[in-house]
Amino acid sequence: MTRLPDFRLETYFSRWEFTARHHLTASDAQTMTVAELLSLAGEDRGVLDNLPLGYTETFGDPALREAIAATYDHAAPADVLCFAGAEEALYLAMNVLLDRDDHAVVVTPNYQAAETVPLALCEVTGVALDPDRDWALDLDRVRAALRPNTRVVSVNFPNNPTGAVTGRAEFTELARLCDERGIHLFSDEVYRGLERDPARTLPQAADLSPRALSLNVMSKALGLPGLRIGWITCRDRELLSRLERAKHYTSICNSAPSEVLARIALGARAAILDRNRRLIDRNLPVFDEFFAEFGDLFEWRHPDGGCVAFPRYRGPGDVERLCTRLVEEAGVLLLPASIYRSELTPTPTDRFRIGVGRRDPEAGLAEFARWLRRRWRPQPSTIRTNDAIDRTR
């Protein structure tokens, strides 16, 4: 296997995620405790007490697969394969779908593995979302990127890091185009359910096409990353069987307690998603107020879906230095544009990712504001030479 590059996001997080005082770039919705989740369990409340802690089925607990299948319109439990999170699913899917003589198309910006894993396997063409049109997807550019040997088109909506959601007509046409060419549409749907306008919720790719793969996970929209349960739904059962055999070389099977807790959460999915959407709706005016004060430094827009956004930095210096100094001096963590650098397409260098799905962002934003006021709007008598130099670079 070709050696993969360092995972920039995880490398950055390994340095700062658990040491920064204010995690303002979280990609997941507010989590809950085991006790809070069990309070939603109903008849399953006592299942964990007598749960054997042995190996589980590689495909996943049958009752969990049934609960997952129920979230689709045209999928059966046999069309679901569970994984240890979404990353394992993405990694194995690309290794099963792609070979050295193949070609893939990947929409950017994206979660790094969506690009680097295919690039380790075959030729890849990037198609960039257009930041000047609210991160719109241009289907003509996707169509132009296709080749006779294209095997996969990889997309992510609601998008990480931009929060963009493409139109239903465009997404349906993309699925049709892939079917017409015999291409597998790989659709990362981990933020589905957190659309600000429910009418913009896209169909799931696995419902649109028997060849498509829908990736999802407990981590993002449901806010339960500690469970480490993800899945791929695909109605091509021969392909799903190949994926299951590939999983024998990685996690083999999932955690039995996590599968039970994931099943409980899916049973309460509507209530959890409603809670998380209400939390985001409550948070967005707080972010609006912050960015309004610093409108000369930032360009801000709400995400269409999900719980991350990708504001533009318009101040002095560059966004990389901004994020570094902010976390070092104020303990406020953001993700700079370099984390989302693409080898395939030009990508913005003046953006940063901010999370809007965690409870009580006020403290982090207040510290961010205090730091900005000290650095960019100090009283003349308090300006230090180093600060003046930094502000004019």
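Glutamate 238 is partly exposed, at 47% relative accessible area. The model is a predicted one. The side chain of glutamate 238 forms a salt bridge with that of arginine 242, at 4.0 Å from N to O. Helix H9 spans residues 237–247, and the two partners sit four residues apart in it, so about one helical turn separates them. Arginine 242 is partly exposed as well, at 31% relative accessibility.

## Salt bridges on helix H11

The structure holds 25 salt bridges. Helix H11 covers residues 269–293 and supplies residues to the side of domain 1 that touches domain 2. Arginine 278 and aspartate 274 meet in a salt bridge, with N and O 2.9 Å apart. Both belong to helix H11 and are four residues apart, so the separation is about one helical turn. Aspartate 274 is partly exposed, with 32% relative accessibility.

Arginine 282 pairs with glutamate 362, and the closest N and O atoms are 2.5 Å apart. Arginine 282 is partly exposed at 39% relative accessibility. Glutamate 362 is partly exposed at 30%.

A network of salt bridges links six residues. Its members are Asp140, Arg143, Glu173, Arg176, Glu180 and Arg181.

The chain divides into two domains. In the contact between them, 32 residues of domain 1 meet 36 residues of domain 2.

The size of an interface is often given as the accessible area lost when the parts come together. Here the two domains bury about 2900 Å² between them, with 56% of it on carbon and sulfur atoms. On the domain 1 side, Arg301, Asp304 and Leu344 lose the most area to domain 2. Together they account for 22% of what that side buries.

## Polar links across the interface

Two salt bridges are found across the interface of domain 1 and domain 2. Arginine 200 and aspartate 304 form a salt bridge, with 3.4 Å between the closest N and O atoms. Across the interface, 19 residue pairs are in polar contact. Helix H1 (8–16), helix H11 and strand S10 (308–309) each supply at least two residues of the domain 1 side. H11 gives the largest share, seven residues. The residues of that side divide into 14 nonpolar, eight polar and ten charged.

## Glycine 163 and its contacts

Glycine 163 lies in the loop between strand S5 (150–156) and helix H7 (168–181). It is buried, with a relative accessible area of 0%. Beyond residues up to four places away in sequence, glycine 163 touches Pro303, Asp304, Gly305 and Val308. Aspartate 304 is also a partner in the salt bridge with arginine 200. The C-alpha atoms of glycine 163 and tyrosine 191 are 9.0 Å apart, with the two residues 28 positions apart along the chain.

## Serine 209

Serine 209 is in the loop between helix H8 (205–208) and strand S7 (213–217). Serine 209 is buried, at 2% relative accessible area. Its side chain makes a polar contact of 2.6 Å with the side chain of aspartate 179. A polar atom of the serine 209 side chain also lies 3.0 Å from the backbone nitrogen of arginine 211. Leaving aside neighbours within four places in sequence, serine 209 is in contact with Asp179 and Arg235.

## Backbone geometry

Most residues other than glycine have a negative phi, and most peptide bonds are trans. The bond from threonine 108 to proline 109 is cis, with omega about -5°. Proline 109 is in the loop between strand S3 (103–108) and helix H5 (113–119). Asparagine 160 and proline 161 are joined by a cis peptide bond, with omega near 25°. Proline 161 is in the loop between S5 and H7.

Arginine 228 has a positive phi near 55°. This residue is in the loop between S7 and strand S8 (230–233), and is partly exposed at 41% relative accessibility. Aspartate 360 has a positive phi of about 55°. Its place is the loop between strand S14 (352–355) and helix H13 (362–376). Aspartate 360 is partly exposed, at 49% relative accessibility.

Notes
Residues are numbered from 1 along each chain as its sequence is written. This is a predicted model: local features need pLDDT of at least 70, side-chain atom pairs count only at pLDDT 80 or more; totals for chains, interfaces and linings use all residues. Side-chain values use heavy atoms; hydrogens and water are left out. Domain bounds come from an automatic or database domain assignment. Contact means heavy atoms within 4.5 Å. Buried area is the accessible area (1.4 Å probe) that two parts lose on being put together, summed over both. A polar contact is a pair of N or O atoms within 3.5 Å; within protein, one must be able to donate a hydrogen and the other to accept it, and residues adjacent in sequence count only if both atoms are side-chain atoms. Ala, Val, Leu, Ile, Met, Phe, Trp, Tyr, Cys and Pro count as nonpolar, Asp, Glu, Lys and Arg as charged, and the others, Gly among them, as polar. Buried means under 20% relative accessible area, exposed over 50%, partly exposed in between (1.4 Å probe, protein chains only).
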